[in-house]
Amino acid sequence: MSIIKRYRYIPDSEIESRANNILKRMQETPKYIPKWPLDATRVAEFLGLDVVWDKIPPDAEGEIAARILPLEHLIEINEDILELPKGFEESTLAHELGHWELHIDQKAAGQFEERIKQGDDIDMQPFLCRAVSGQLQKMEWQAQRFASYLLMPRYVLEQMAAERDLTKWSHLYAMQKDLGVTITNLKVRLIQLNWIILPPGDSTIYLGKAAPIRKK
């Protein structure tokens, strides 16, 4: 029995639905009603997870951005990312929450926890998050999509876009600040929604066909 699920293709719609479901359940819990910029540590707390920032040394396979200790319900984030531009912290933690929701077999984790309570000695290796290739890379992509949906849900973007001009960089940077993400995170999300188009080598922003109508 493995605590890490085998890779499977997960449609974007399912990943978005999983993220929205968490936000909906938080909305129904007065203590955790989400506000933006979204505090990912509160999402972790809502899911019963602790979060710590610590120095995680590289191993023989390279740098480690973060790791999940499923039986401890703990996410460790490499404190080195604190040196990166603001927004990476929330994105990294939301990414790990994506792994927790999509890739950790929480039922199996519960069974292991019961065995430990009964005295079994179980050495469980953490789930490591780092640059990888192959199917693991696809799992990283899924976790990043989850983070994007969690930190920038469509309904929140629609509210913000109604007051902004998506063709102006100053308005995108204002949205980025309100969302607490990096400008790259926001650009990727808006392009994915087909709300904006950014031709390669051109800093001009064009509206996409699906862009919401702005209030005048």
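In which helix does Thr41 lie? Thr41 belongs to helix α2, residues 40-46; helices (H or I, at least four residues) and strands (E, at least two) are DSSP runs, numbered from the N terminus.

The model is predicted, so local features need pLDDT of at least 70 and side-chain atom pairs count only at pLDDT 80 or more, while totals for chains, interfaces and linings use all residues. Residues are numbered from 1 along each chain as its sequence is written, and side-chain values use heavy atoms, with hydrogens and water left out.

**View 1. Thr41 in helix α2****.** Thr41 is partly exposed, with a relative accessible area of 32%. Buried means under 20% relative accessible area, exposed over 50%, and partly exposed in between (1.4 Å probe, protein chains only). The side chains of Thr41 and Asp39 are joined by a polar contact of 2.4 Å. A polar contact is a pair of N or O atoms within 3.5 Å; within protein, one must be able to donate a hydrogen and the other to accept it, and residues adjacent in sequence count only if both atoms are side-chain atoms. Not counting residues up to four places away in sequence, Thr41 touches Glu90 and Leu93, where contact means heavy atoms within 4.5 Å. Val52 is 11 residues from Thr41 in sequence, and the two are 9.7 Å apart in space, C-alpha to C-alpha.

**View 2. Helix α3 packed against helix α5****.** Two packed helices are described by the angle between their axes and the distance between the axes. For α3 (residues 88-102) and α5 (residues 135-151), the angle is about 115 degrees and the axes are 7 Å apart. Axes are lines fitted to C-alpha atoms, for helices over the stretch in contact, and angles run from 0 to 180 degrees between N-to-C directions. On the α3 side the contact includes Glu90, Ser91, Ala94 and His95; on the α5 side, Met139, Glu140, Ala143 and Leu151 are among the residues taking part. By class, the contact of α3 with α5 has 9 nonpolar, 6 polar and 3 charged residues. Here Ala, Val, Leu, Ile, Met, Phe, Trp, Tyr, Cys and Pro count as nonpolar, Asp, Glu, Lys and Arg as charged, and the others, Gly among them, as polar.

**View 3. Helix α3 and its residue His95****.** Of the 15 residues of α3, 12 are buried, so the helix is largely enclosed by the rest of the structure. Among the buried residues are Ser91, Leu93, Trp100 and Leu102. From its first C-alpha to its last, α3 reaches 21 Å, close to the 21 Å expected at 1.5 Å a residue; the expected span of a helix is 1.5 Å times one less than its number of residues. His95 is buried, with a relative accessible area of 8%. Leaving aside neighbours within four places in sequence, His95 is in contact with Cys129, Glu140, Ala143, Gln144 and Ala147.

**View 4. Leu151 in helix α5****.** Leu151 counts as buried, at 2% relative accessibility. Beyond its neighbours within four places in sequence, Leu151 is in contact with Trp36, Leu38, Glu90, Ser91, Ala94, Leu179 and Val181. Ala19 is 132 residues from Leu151 along the chain, and their C-alpha atoms are separated by 9.0 Å. Trp36, one of the residues in contact with Leu151, is joined to Pro37 by a cis peptide bond, with omega about 5 degrees. Pro37 sits in the loop between α1 (12-27) and α2.

**View 5. Asn185 in helix α8****.** Asn185 is buried, with a relative accessible area of 17%. A polar contact of 2.9 Å joins its side chain to that of Thr182. Leaving aside neighbours within four places in sequence, Asn185 is in contact with Gly87, Ser91, Gln144 and Met152.

**View 6. Phe127 in strand β4****.** Phe127 is buried, at a relative accessible area of 7%. Not counting residues up to four places away in sequence, Phe127 touches Ile4, Ala66, Arg67, Ile68, His99, Ile104 and Met139. Glu114 is 13 residues from Phe127 in sequence and 20 Å from it in space, C-alpha to C-alpha.

**View 7. His73, a residue with positive phi****.** Phi of His73 is near 50 degrees, and His73 is not a glycine. His73 is found in the loop between β2 (66-69) and β3 (74-78), and counts as partly exposed at 25% relative accessibility.
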